[in-house]
Amino acid sequence: PDVISGDMESAMAVELNPWVEYEFRVVATNKIGTGDPSAPSRLIRTNEAVPKTPPANVSGRSGRRHELVIAWEPVSEEFQNGEGFGYIVAFRPNGTRGWKEKMVTSSDASKFIYRDESVPPLTPFEVKVGVYNNKGDGPFSPIVVICSAE
């Protein structure tokens, strides 16, 4: 809470992000004015949780013949929510069933290249990119259609 009455000895901070280090200070105020902030608390890390934020701006990039280059904006560390963060890249030729999924284990990765000699140039693919960490799988981005390289 923003304001705590003077007779309280504790307060609960709510809606904190998972797996983020926080420190806290207390500032006292009365009719005369506001005092100096307390010394900061020790750093406190919140618990891990399944990620809730998928990557943004999933798109295609230019590549070599027989490649499908899938790019995205990486999820910032603040929203990775735990150790073992990575991406699940899912794709399929447009109009087909069943997703092919590939894991990208680097948290700062921003693209994945799928190579397949049997894919003709400019083949449209449905693509989505999801997130995961040690706590489980998070959401996928909206599906976009991109084409394999010429």
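Three salt bridges are the stops to begin with in this predicted model, a salt bridge being a side-chain nitrogen of Lys or Arg within 4 Å of a carboxyl oxygen of Asp or Glu. Residue numbers start from 1 along each chain as its sequence is written, and side-chain values use heavy atoms, with hydrogens and water left out. Because the model is predicted, local features need pLDDT of at least 70 and side-chain atom pairs count only at pLDDT 80 or more, while totals for chains, interfaces and linings use all residues.

**Stop one: E21 and R45**

Select E21 and R45 and show their side chains: the closest N and O atoms of this salt bridge are 3.9 Å apart. E21 belongs to strand β1 (residues 21-22) and R45 to strand β2 (residues 44-45), so the pair links parts that are 24 residues apart in sequence. Strands here are DSSP runs of E, at least two residues, numbered from the N terminus. The cut-offs are under 20% relative accessible area for buried, over 50% for exposed and in between for partly exposed (1.4 Å probe, protein chains only).

**Stop two: E67 and R115**

Next, pick E67 and R115, whose side chains form a salt bridge at 2.9 Å, N to O. E67 sits in strand β4 (residues 67-73) and R115 in strand β7 (residues 111-115), so this pair ties together parts 48 residues apart in sequence. Is E67 buried or exposed? E67 counts as buried, at 6% relative accessibility, whereas R115 counts as exposed, at 54%.

**Stop three: E126 and R92**

Then select E126 and R92, a salt bridge with its closest N and O atoms 2.8 Å apart. E126 is in strand β8 (residues 124-133) and R92 in strand β5 (residues 86-93), so the two tie together parts 34 residues apart in sequence. E126 is buried, at 15% relative accessible area, and R92 is buried at 16%.

**Last stop: the largest pocket**

Finally, select I4, A11, R25, V26 and V27: of the 18 residues lining the largest pocket, these are the closest to its centre. How much space lies in there? About 550 Å³. Sorted by class, the lining has 11 nonpolar, four polar and three charged residues. For those classes, Ala, Val, Leu, Ile, Met, Phe, Trp, Tyr, Cys and Pro count as nonpolar, Asp, Glu, Lys and Arg as charged, and the others, Gly among them, as polar. A pocket is an open set of points on a 1 Å grid over the protein atoms alone, where a 1.4 Å probe fits, with protein on both sides within 12 Å along at least five of seven lines; lining residues have an atom within 4 Å of a point.

Key. Helices (H or I, at least four residues) and strands (E, at least two) are DSSP runs, numbered from the N terminus. Grid points are joined across faces, edges and corners, and a volume is the space filled by probe spheres set on the points.
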